[in-house]
Structures are given as C-alpha cells and as structure tokens.
Amino acid sequence: MQIKHLIITLLFLCFGTSANNEETLTWNNTRKLTWEDFKASPNPNSDAVALTASGITFGYSLKTSGKRIVDFSASVEAHFYPNKSWYLTDRADDYILAHEQLHFDITELYVRKFRQQLDRLVVNQNIKKQMGQIHIAINEALDKTQKTYDKQTNHSINVEAQEYWNNYVKEELNKLDEYKSP
C-alpha cells in the first residue's frame with residue numbers, strides 16, 4: 001500500500017537561546033507530539049499535509065579569573081514550535097504524525113551529538129570560538145539529515161524507507177543515551 005501524502009518539514013535553526021516568549025515544546029522521551037501541538041494555520045499554497053518547525057537552542061556561560069576563562073557551562077535543547085507548525089485536519093493521520101515526530105527526534109539526536117562534542121572540550125581561551133564552530137557544524141549536519149530523511153522517505157510515502165529511518169534514529173538515540181535531554 002502506498003501512502004499518497006506529501007509532507008514538508010521546515011526546520012528552524014535557532015542560533016543562541018531564544019530571547020522572545022515564543023511557545024516551545026522541549027523534546028522529552030516520554031511525551032510525543034500530538035496534532036493538538038500543531039497550532040499554526042495551514043499554508044493554502046502548499047501541497048503538504050503537515051509542517052513541523054523544530055530546532056536547536058544553545059546558550060553558554062563562562063567563568064573567568066581576571067581575563068582568563070577558567071570554566072564554562074552550556075545548555076543545548078531540542079525545541080518544537082507549535083505556532084509555526086501546522087497540519088490539514090482532513091488528510092492527517094497517525095502515520096504522518098509519526099513521520100513528523102521523527103523530525104523532532106532527529107533534532108534531539110543532533111542535540112545529543114552537540115552535547116557529546118561540548119563534553120569533550122577542554123577549557124581554553126578559544127572556547128567561545130570552538131563552541132561556535134561546533135554549533136554551526138551541528139546545525140549544518142542536522143539540516144542535511146532532515147533533508148535526506150524527507151528525500152529518502154519521499155516525505156513518508158516510501159514505507160520501507162520510513163521504517164528504516166524509524167529504526168536508525170532509535171538506534172542512534174540509544175547510542176547517545178547518556179546525553180539525552182533530562
């Protein structure tokens with residue numbers, strides 16, 4: 001059975017911690033997305049059944065002694081943006097919702113990869129530059145993976161490819177379990 005749905009996913013890459021009061025959902029292993037989380041009005045010019053907006057937020061603080069950086073801490077989270085995400089009520093189903101959830105799960109996967117790389121950093125005077133470079137590289141890799149996911153699954157139409165991605169992302173998340181969101 002071939003599912004005739006076209007899903008376009010929009011990935012918002014957030015650079016730095018959001019300073020506005022935009023509603024977000026932080027990725028959580030025990031809470032999956034529901035259609036009620038998709039609050040934006042559908043785009044009438046789109047062929048898509050649903051659109052997911054998710055991305056990475058990143059912030060850090062430095063501890064200094066005089067002019068020397070002596071320590072740092074960082075916060076990295078996967079967020080879903082309800083007011084930028086939408087679906088067509090008459091065409092959406094649980095299969096498409098699972099496809100959209102996997103986009104959010106992929107965002108969490110790259111959050112874990114980001115945390116892993118930050119964990120490996122040694123405090124030095126170039127730490128801000130290093131964190132910035134990691135941030136850029138992670139966002140580029142995330143964007144590439146999201147596009148590959150949609151291309152290979154044909155936006156969920158290719159059921160076999162969808163199943164492959166479901167298993168792949170689950171396995172990759174498990175490998176990085178020590179870096180999961182609290």
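Is Arg-112 buried or exposed? Arg-112 is buried, with a relative accessible area of 2%, where buried stands for under 20% relative accessible area, exposed for over 50% and partly exposed for what lies in between, using a 1.4 Å probe and protein chains only.

## Basis of the model

This is a predicted model, in which local features need pLDDT of at least 70 and side-chain atom pairs count only at pLDDT 80 or more, while totals for chains, interfaces and linings use all residues. Residues are numbered from 1 along each chain as its sequence is written, and side-chain values use heavy atoms, with hydrogens and water left out.

When neighbours within four places in sequence are left aside, Phe-114 is in contact with Ile-56, Phe-58, Val-76, Met-131, Ile-134, His-135 and Ile-138, contact being heavy atoms within 4.5 Å.

## Salt bridges

The count of salt bridges comes to seven, each being a side-chain nitrogen of Lys or Arg within 4 Å of a carboxyl oxygen of Asp or Glu. In one of them, the side chains of Arg-112 and Glu-108 meet at 2.9 Å, N to O. Both residues lie in helix H1, four residues apart, or about one turn of the helix; Glu-108 is buried with a relative accessible area of 0%, and Arg-112 is likewise buried, at 2%.

Another salt bridge joins the side chains of Glu-172 and Lys-175 at 2.9 Å, N to O, and these residues, three apart in helix H3, are separated by about one turn of the helix. Glu-172 counts as buried at 13% relative accessibility, whereas Lys-175 counts as exposed at 59%. The side chains of Lys-180 and Asp-177 also meet in a salt bridge, at 3.7 Å, N to O; Lys-180 counts as partly exposed at 36% relative accessibility, and Asp-177 is partly exposed with a relative accessible area of 38%.

Definitions and conventions
Helix = DSSP H or I, 4+ residues; strand = E, 2+ residues; numbered from the N terminus.
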